[in-house]
Amino acid sequence: MPEFAERMSAMEKSANVIKGLFGAMNDPDLISFGGGAPAFEALPVDIVREIANDVIRKDKRGVEALQYGNVMGAEDLRQIVVKELLQPKGVEAKVENIMIINGGLEAMNLLCQLYIEPGDVILVESPSFVHSVEIFDMFEAKCIGVDMDDEGMDPDDLEKKIKLYKPKMVYVIPTFHNPTGRTLTLERRKRIAEFGGKYDVIILEDDPYRDIRYSGRDLLPIKAFDKTGHTVLANSFSKIFSPGSRLGYILANDAIMQKLFAAKTATNSHTSMLPQILCAEFFKRGYYPNHHKMICDLYRERRDAMIESIDKFFPEGTKRVFPDGGLFTWVELPGGINTTELLAESVKNPDVKVAFVAGEGFFVEGDGKGNNCMRISYGSVPPEKIKMGIKRLGKLICEKIK
Ligand SMILES: Cc1ncc(COP(=O)(O)O)c(C=O)c1O
């Protein structure tokens, strides 16, 4: 057999981390705070069935749904992005600058195709989203971590590292960050946008959680402060409509969009038409506002149950993030507990049977950083199970500390 390409070793390393992170989560007896999937109650199954029955017909949009489509995406879905998702959040955009992509993740892939040569540096938050790092690895980029605190990516450390490493790209998840649930402050958003032009670096703003805010006040995206076109905004329909539909979008300036057009054409011609049409009709038929309210109410209740339970059952000295939206909180444990070992024990112990994601795998440093941390996802677990799971996990942690 021919030898596999060099890049596979880097990709396999990240894929194994992901496998390890999610491996234990198929056990039906387990209470899993592991995966980041939306709640099944948040998927608009009945609405989509009704839409499909109505529009997937020859005399409506059936032919369009099954035919080749436009590289940039369905025109009406792009208009919806501009008018219903960006404008109300303070971002003015032209339809020509929106591309519909195969899930938000494709943005990372396409941007790497545009900019990354092997060895180029990408600065990422420390910790960062493992799947994006896996894509950066595939392009043989060198990922370097930037410090974070409760207010998100630290712009002082970012500026220092931009000067030091001359990166091609800065990858930032500003709102209800994965894995920490933290949100970048407005002041920091402004500064990071300025760095784009000042240091001639692409700011890749990945913002798939911003639309599921259920407390606090909306913040303008970094893109809203971008005066030079260096910020590229990526977003996803996974959390507000359906992850299985694999839909997302990119907002970029004319010059970047022209290159994205070429990269998208070469990669997969265009995003699947069928989900684009179902999603566009979901918005056009006015289902989104009620659906949006329903999912925010659902996740707010789960967030409250989670934070209350952590505060009640985890040991003194535990630090946790109170997220105003999204699906995750991040916990730092006291007492030198290693969460990778804790996870192995908590999924096996019949009195616990609780999964979460150990923190270490989210750090590109690979030096044990974050080994007392855990990402806890509450989106797909009902409140009673949240309380039960956190009580059992808390008991195990307290016993270990003793
Ligand atoms: C930070 C971040 N970016 C991007 C994505 C991509 O989502 P998708 O490809 O499902 O649209 C996710 C999904 O979990 C995410 O957490």
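**Figure 1. Polar contacts across the interface of domain 1 and domain 2.** In this predicted model, 14 residue pairs are in polar contact across the interface of domain 1 and domain 2, with both residues of each pair at pLDDT 80 or more. On the side of domain 1 that touches domain 2, helix H1 (7–22), helix H11 (288–313) and strand S12 (328–332) each supply at least two residues. H1 gives the largest share of that side, eight residues. By residue class, the side of domain 1 that touches domain 2 divides into 22 nonpolar, eight polar and eight charged residues.

**Figure 2. The salt bridge between domain 1 and domain 2.** The count of salt bridges between the two domains is one. A salt bridge is formed by Glu332 and Arg182, whose closest N and O atoms are 3.8 Å apart. The distance falls within the 4 Å limit applied to a side-chain nitrogen of Lys or Arg and a carboxyl oxygen of Asp or Glu. Residue 332 is the end of strand S12 (328–332), which supplies at least two residues of the side of domain 1 that touches domain 2.

Figure 3. The protein chain is divided into domain 1, made up of 7–43 + 290–401, and domain 2, spanning 47–284. Between the C-alpha centres of domain 1 and domain 2 the separation is 25 Å. Domain 1 brings 38 residues to the contact, and domain 2 brings 36 residues. The size of an interface is often given as the accessible area lost when the parts come together. For domain 1 and domain 2 the buried area is about 3000 Å², of which 62% is on carbon and sulfur atoms. Asp324, Phe362 and Val364 are the residues of domain 1 that lose the most area to domain 2, and together they account for 19% of what that side buries.

**Figure 4. Surroundings of the ligand.** The ligand is surrounded by 13 residues, of which Gly104, Asp206, Tyr209, Ser236 and Ser238 are the closest. Gly104 places a polar backbone atom 2.6 Å from an oxygen atom of the ligand. From Ser238, a polar side-chain atom lies 2.7 Å from an oxygen atom of the ligand. For Lys239, a polar side-chain atom and an oxygen atom of the ligand are 3.1 Å apart.

**Figure 5. The cis peptide bond at Pro127.** Ser126 and Pro127 are joined by a cis peptide bond, with omega near 10°. Pro127 belongs to the loop between strand S3 (121–125) and helix H6 (130–138).

**Figure 6. The loop between strand S7 and helix H8.** This loop runs between strand S7 (169–172) and helix H8 (186–199), and Pro179 lies in it. The peptide bond from Asn178 to Pro179 is cis, and its omega is about 20°. Phe176 also has its place in the loop between S7 and H8. Although Phe176 is not a glycine, its phi is positive, at about 50°.

Key. Residues numbered from 1 in each chain as written. Predicted model: local features only at pLDDT ≥ 70, side-chain atom pairs only at ≥ 80, totals over all residues. Heavy atoms only, no water. Domains from an automatic or database assignment. Contact = heavy atoms within 4.5 Å. Buried area = accessible area lost by both parts, 1.4 Å probe. Polar contact = N/O pair within 3.5 Å; in protein donor to acceptor, adjacent residues only side chain to side chain. Helix = DSSP H or I, 4+ residues; strand = E, 2+ residues; numbered from the N terminus. Nonpolar A, V, L, I, M, F, W, Y, C, P; charged D, E, K, R; others polar. Near = heavy atom within 4 Å.
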